[in-house]
Amino acid sequence: MTPYKSKTLATWLALLLGSFGLHRFYLHGFGDRLAWLHPLPTLLGLYGLQRMDQLGQDDRLSWLLMPLLGLMLVNAMICGIVYGLTPDEKWDAGHNPGAAPRATGWGPVIGVVACVLLGGTSLMTTIAFSAQRYFESQVETPQ
């Protein structure tokens, strides 16, 4: 018998540690290839953030790496939103076949609200940072 997969826990894992793929590891196990694609871009984005902190905003490598962190955060928040808004019957049919249905209550709903807030902020920040850096790189410096 497979263990029960909680919709609430999956939503909150996506919110808190989803950029590292923990929500996918929880739902699909360590054999999930998509889950293993999450940690590297997240770590590269964190490295870009560290580089910018140390070297300043003119470091071009950090320009390339930091948006990876934002995109991975947005990806995780979208997963959290999808998990939290999935009807309980459909969730149990897909992740807990044969188990007795369980009502989830407000846990996933609160997680979805937090995912929308953090995901929207991450998306807008990533777009703004990337656009600013792109347009600054297009301006020719006077000689």
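Student: Where is the place of F20?

Tutor: F20 sits in the loop between α1 (7-17) and α2 (22-28); helices here are DSSP runs of H or I with at least four residues, strands are runs of E with at least two, and both are numbered from the N terminus. Please note that this is a predicted model, in which local features need pLDDT of at least 70, side-chain atom pairs count only at pLDDT 80 or more, and totals for chains, interfaces and linings use all residues. Residues are numbered from 1 along each chain as its sequence is written, and side-chain values use heavy atoms, with hydrogens and water left out.

Student: Is F20 buried, partly exposed or exposed?

Tutor: F20 counts as partly exposed, at 28% relative accessibility. Buried means under 20% relative accessible area, exposed means over 50%, and partly exposed is in between, with a 1.4 Å probe and protein chains only.

Student: What separates the C-alpha atoms of F20 and P41?

Tutor: They are separated by 8.8 Å, and the two residues are 21 apart along the chain. For C79 and P41, which are 38 residues apart along the chain, the C-alpha separation is 17 Å. C79 belongs to helix α5 and counts as buried at 17% relative accessibility.

Student: Changing topic: how many salt bridges does the structure hold?

Tutor: There are three. A salt bridge here is a side-chain nitrogen of Lys or Arg within 4 Å of a carboxyl oxygen of Asp or Glu. In general, side chains of opposite charge can pair when their charged atoms come close.

Student: Which residue forms a salt bridge with D88?

Tutor: The partner of D88 is K7, and their closest N and O atoms are 2.8 Å apart. This pair links distant parts of the chain, since D88 is in helix α6 (residues 88-95) and K7 is in helix α1, 81 residues apart. K7 is buried, with a relative accessible area of 4%.

Student: And which residue pairs with D32 in a salt bridge?

Tutor: D32 pairs with R24, with 2.6 Å between the closest N and O atoms. D32 counts as buried at 11% relative accessibility, and R24 counts as buried at 15%.

Student: What about R51, which residue does it form a salt bridge with?

Tutor: R51 forms one with D59, the closest N and O atoms being 2.7 Å apart. R51 is buried at 18% relative accessibility, and D59 is buried with a relative accessible area of 13%.

Student: On to pockets: which residues line the largest pocket?

Tutor: The lining consists of L49, M66, P67, L69, G70, L73, S122, T125, T126 and F129. Two elements give two or more residues to that lining, α5 (60-85) and α7 (107-138). The largest share, five residues, comes from α5. On a 1 Å grid over the protein atoms alone, a pocket is an open set of points where a 1.4 Å probe fits, with protein on both sides within 12 Å along at least five of seven lines; lining residues have an atom within 4 Å of a point.

Student: How much space lies in the largest pocket?

Tutor: About 170 Å³. The volume is the space filled by probe spheres set on the grid points, which are joined across faces, edges and corners.

Student: How do the residues of that lining divide into nonpolar, polar and charged?

Tutor: Six are nonpolar, four are polar and none is charged. Ala, Val, Leu, Ile, Met, Phe, Trp, Tyr, Cys and Pro count as nonpolar, Asp, Glu, Lys and Arg as charged, and the others, Gly among them, as polar.

Student: Where is I127 found, and is I127 buried or partly exposed?

Tutor: I127 is found in helix α7 and is partly exposed, with a relative accessible area of 46%.

Student: In which helix does S137 lie?

Tutor: S137 also lies in helix α7, and counts as partly exposed at 27% relative accessibility. The C-alpha atoms of S137 and T2, 135 residues apart along the chain, are 53 Å from each other.
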